[in-house]
Amino acid sequence: MLRKRLVAVIAAALSVGSLPAAHAQTEIQWWHSMGGALGDQLNELAKKFNERQKEYKVVTVYKGSYPESMTAAIAAYRAGSAPHLLQVFEVGTATMMAARGAIVPVAKLMADAKEPFDPKAYLPVVTGYYSDVKGNMLSFPFNSSTVMFYINKDAFRKAGLPPVAPKTWKEFVAAAEKLKAAGQGCVYTTSWPSWMHIENFSAWHNVPIGTKQNGMGGFDTVFTINSPLHVRHVAMLGDLAKKGMFTYAGRTNQGDAKFSSGECAMFSGSTGAQAGIRRAAKFDWSINFIPYHDDVKGAPQNSIIGGASLWVMGGKKAEEYKGVARFLAFLSRTDVQVQWHTATGYVPITKTAYEATKQTGFYQKDPGAELAVLQLTNKPPTENSKGLRFGNFVQGREVIEEELEAVFAGKKDAQTALNDAVRRGNEILRRFETANK
Amino acid sequence: MEKRVVFRSAWLPYALLAPQLAITVVFFFWPAAQAIWYSFQLQDAFGLSSQFVGLENFAILFGDENYLRSFRTTAIFSALVAGFGIVLSLLLAVMADRIVKGALAYKTVLIWPYAVAAAVAGVLWSFLFAPSIGIVTYVLKGLGIDWNWIINGNQAMLLVVIASVWKQISYNFLFFLAGLQSIPRSLIEAAAIDGAGPARRFWTIVLPLLSPTTFFLLVVNIVYAFFDTFGVIDATTQGGPAQATQILVYKVYHDGVKSADLGGSSAQSVILMIIVIALTAVQFRYIERKVQY
């Protein structure tokens, strides 16, 4: 361990020594978490920008998963070497926002640099997630997704069901029973359980996840996810798990593979899962709206976004900020947005990008790509479906996941688990509130 | 006559010690002191503001049932890893020691896992036991066992114990083998002539003579289970499901690095530091006395 660290230190020292001499261009460091094909697309964006002008050079650095790059940036900030731009996942929003001084609000950056920037160009459900209460955009929406519901049509046909996705949870249970009876090994699984079954579930049914507009109105928020509707839904999942109709796959995207391999007949996961399914699935499948409880008034409302936004870090030179603003203006261009949307499967986040993509006929070939937009904009977002902003929600979400796991494993009943989730989650919120006074 | 080397110079001994002391101070005392300092603070993630909160971080920890559960998890985990690790490797060493033909091949293969990094070992075992695609899972399914450590805490614990023990067996094996080979043949032969069978010889001669080795390995294995198994856990269960494999050191990392709660995490490392100091002191004070050298 010690030796490894020493080697790393020496290697770092050597590489600093061998850096090429001063650049004429102003460099802009961009730390991100896009691996694989997504990373290639991201690098493509930087390359295009660098070719268009010669004053600034955007340098992309892959820093691992979302939590990893956020941690790395925090450590770098403490050491005085933070990047200019940092891609932060949606649950890190409150932590970043609270770090006044460590970040520069995007609205302010663009105004200072006199670059054109119109927050109204974005889908309201996107703007809402990344703006403060006064409507100032704090970070730059970059890659947004939402949760969708997928079915294996072949498995449905085999079980004697019409190959149509259940619209409500009632229909879902009926279909699940038929599938189980027909010998389907794994009936349903999900990726991102908290995101799907607590966060999006709440928005979709127009019930709050926490007080103060899901935390957007202030840090003195408390969780409200132990409401009767939440308990009922989680109890239903626990019951399905017990009867072998819900196979738990894990906290992140492990469910994706269980669906694309044909193991599970129904699946809820990110819009981003489509690319992998398209490549791997050897069966007929469809992408759909997520189910809802039809006896809940106002449901379905709209789903909320996941994914990440770009944060501008503080403490840099004015000249560099000009470059950052120029780059963000470049990213806002409709042609850039359309390209990013169609190449990655992330949701188009500006209205013009959506319209432009529509006109290319892309959605005729790929209806699933449009469905995500339709689900996000199903109704104008309410206080409950605008998004969420909880301090240290990386930790908070884990608490929820843990309590859900306890229900799915049959160790706790839904009411106890959700009460515990609220209590433990609130402790985290209070600690965050005290630390960020 | 006693041989003694005396330094005549006043500064030379200190100069010779200095490099080692410098390393100890920079890499051990300095971070430890920082941990203690941070454990009394409440900071935001970016370190923009920081307030002195006294013992509040500790109070929160001991009021947190999950932290207390992590103690129990760690105790169970360490006992299983140290216990199985020592017993299995002793068994293997005794076997390997008796083998005449191809002994070198056996020994080489048994020592191999030690060269594997903890994270790699974790990934390896988690592939074998993967809930949908693992080979072992497939076999278990055939036997009617529903294997899914993603949700079943006991199975997850079993998985990390297996991976950790597997990794540590080689190390233990080496020491036991060396210990066995240093036992004088004449002792064992004399016992054999007196009519003691292999089992009797093992319990009355070999095991007592191995007790210093066993004691040493006990200390090393417990420290291993406490700290070095981090890689295995991070690569497989990451402390889950529902904290079933969240050992203390993993929680320190999790709360400090992933959750950016520096104060709480530092308080935990201070507690961990105290535990290890106490554990080692107890081991040397009480258990070592019973060991026959």
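**Two domains of chain A**

In chain A, the C-alpha centres of domain 1 and domain 2 are 27 Å apart. Domain 1 of chain A covers 26-145 + 305-376, and domain 2 of chain A covers 147-303 + 390-435; such bounds come from an automatic or database domain assignment. This is a predicted model, in which local features need pLDDT of at least 70 and side-chain atom pairs count only at pLDDT 80 or more, while totals for chains, interfaces and linings use all residues. Residues are numbered from 1 along each chain as its sequence is written, and chains are lettered from A and ligands numbered from 1 in the order in which they are written.

Where the domains meet, 18 residues of domain 1 of chain A are in contact with 20 residues of domain 2 of chain A (contact means that the C-beta atoms, placed from the backbone, lie within 7 Å). On the domain 1 side, α4 and α18 (367-376) of chain A each supply at least two residues. Helices here are DSSP runs of H or I with at least four residues, numbered from the N terminus. α18(A) gives the largest share of that side, five residues. By class, the domain 1 side has eleven nonpolar, seven polar and no charged residues. Nonpolar means Ala, Val, Leu, Ile, Met, Phe, Trp, Tyr, Cys and Pro; charged means Asp, Glu, Lys and Arg; the others, Gly among them, are polar.

Chain A also touches chain B: 27 residues of chain A are in contact with 21 residues of chain B. α4 (93-98) of chain A is among the helices that each supply at least two residues of that side of chain A.

Conventions
Contact = placed C-beta atoms within 7 Å.
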